[in-house]
Amino acid sequence: MSSKTSALVMGVGPEEGLGGSLCKRFAKEGMTVFVCGRTLKKVENLCTIINDTSGNAIPIVADVTNVDDVINMMKVISKSNLPLELAVYNAGNNRPESFLDVTPEVFVSMWQVLCFGGFLTSQAILRLMIEQQEMTSKQSLFFTGASGSIRGKAGFSSFASGKGGLRMLAQSIAREFGPKGIHVAHIIIDGVIKGDKVVKGFSEYAKSLGEDGLLDLEAIADNYWHLHQQHKTAWTQEIDLRPFKETF
């Protein structure tokens, strides 16, 4: 399948994870997908799966908090000669810990992945998108948020600080670049995702949430795609997604 445009998903881990599902969804729509993650084996495995099912995927190994890695990532994308139509910042981690036990090193490392990487990659992506505006009719930059983006729970000070900062970054970028034709949106995932990290890593907890108590990966990916398809006279800047039984 030949592609006319491309998509970039940053923060791709296991196939059964949000990053992996976004890659497969965008490839299904006929886009060449740049699969970006920190682990070569994982991104290559996902690319093989996509390429074997009539899609187009290109692996990129990068640490999104590293300036040189971000520069190299953008070189790979630029050399493809495919306009970058859609990019998703999905990088992140979580670490519940009592506030008094959080070390400066942990706090900084969490903030770097959750927020600083969003800053570095967004600058590079927006520069490229502006250069390519005559090559595509749609351009979107999306950020994956979480419950911690809007409320800081006890034991999650580092996570909430990073996610809250990313949300404000997305709002600022949206207000500056929306009028320039780039759709910037923040997607709050308010609940537990039905992916390998939870289903395999915390199986009893996953079971305790019951039927439809976890967010379905394909359903989440559908929402990202629907956002990208919105008409420019009716853009959404932020949405929140949660299971119907999730308390909020």
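Guide: Gladly! Helix 1 passes helix 8 in a right-handed crossing. Please keep in mind that this is a predicted model.

Visitor: What makes the crossing of helix 1 and helix 8 right-handed?

Guide: A crossing gets that name if the near helix is turned clockwise from the far one by less than a right angle. Helix 1 and helix 8 are assigned to that class.

Visitor: At what angle do helix 1 and helix 8 pack, and how far apart are their axes?

Guide: The angle is about 55 degrees, and the axes are 9 Å apart. Helix 8 covers residues 217-229.

Visitor: Which residues meet where helix 1 and helix 8 pack?

Guide: From helix 1 come Leu18, Ser21, Leu22, Arg25 and Phe26. From helix 8 they meet Leu217, Ile220, Ala221, Asp222, Tyr224 and Trp225.

Visitor: How do you know that the span of helix 2 agrees with what it should be?

Guide: Helix 2 has 12 residues, 40-51, and at 1.5 Å a residue these should span 16 Å. The end C-alpha atoms are 16 Å apart, so the two values agree.

Visitor: Which residues of helix 2 are buried, and why are they said to line one face?

Guide: They are Val43, Leu46, Cys47 and Ile50. Seen down the axis of helix 2, they fall within an arc of 100 degrees, so they line one face of the helix. These buried residues pack against helix 1, strand 2 and strand 3.

Visitor: Why is Leu241 called buried?

Guide: Buried means under 20% relative accessible area. Leu241 has 11%, so it is buried. Leu241 lies in strand 7, residues 238-241. Leaving aside neighbours within four places in sequence, its contacts include Ile187, Ile189, Leu215 and Asn223. Leu241 and Leu215 are 26 residues apart in sequence, yet 8.1 Å apart in space, C-alpha to C-alpha.

Visitor: What makes Ser147 buried?

Guide: Its relative accessible area is 18%, and the cut-off is under 20%, so Ser147 counts as buried. Ser147 sits in the loop between strand 5 and helix 5. Not counting residues up to four places away in sequence, Ser147 touches Ile188, Ile189, Asp190 and Gly191.

Visitor: Is Asn81 buried or exposed, and how do you know?

Guide: Exposed means over 50%. Asn81 has 63% relative accessibility, so it counts as exposed. Asn81 lies in the loop between helix 3 and strand 4. Its phi is positive, near 65 degrees, in a residue other than glycine.

Visitor: What is the phi of Ser54, and where is Ser54 found?

Guide: Phi of Ser54 is near 65 degrees, again a positive value in a residue other than glycine. Ser54 is found in the loop between helix 2 and strand 3.

Definitions and conventions
Residues numbered from 1 in each chain as written. Predicted model: local features only at pLDDT ≥ 70, side-chain atom pairs only at ≥ 80, totals over all residues. Heavy atoms only, no water. Helix = DSSP H or I, 4+ residues; strand = E, 2+ residues; numbered from the N terminus. Expected span 1.5 Å × (residues − 1). Buried < 20%, exposed > 50% of the residue type's maximum accessible area, 1.4 Å probe, protein only. Arc of directions from axis to C-beta. Contact = heavy atoms within 4.5 Å. Axes fitted to C-alpha atoms, helices over the stretch in contact; angles between N-to-C directions.
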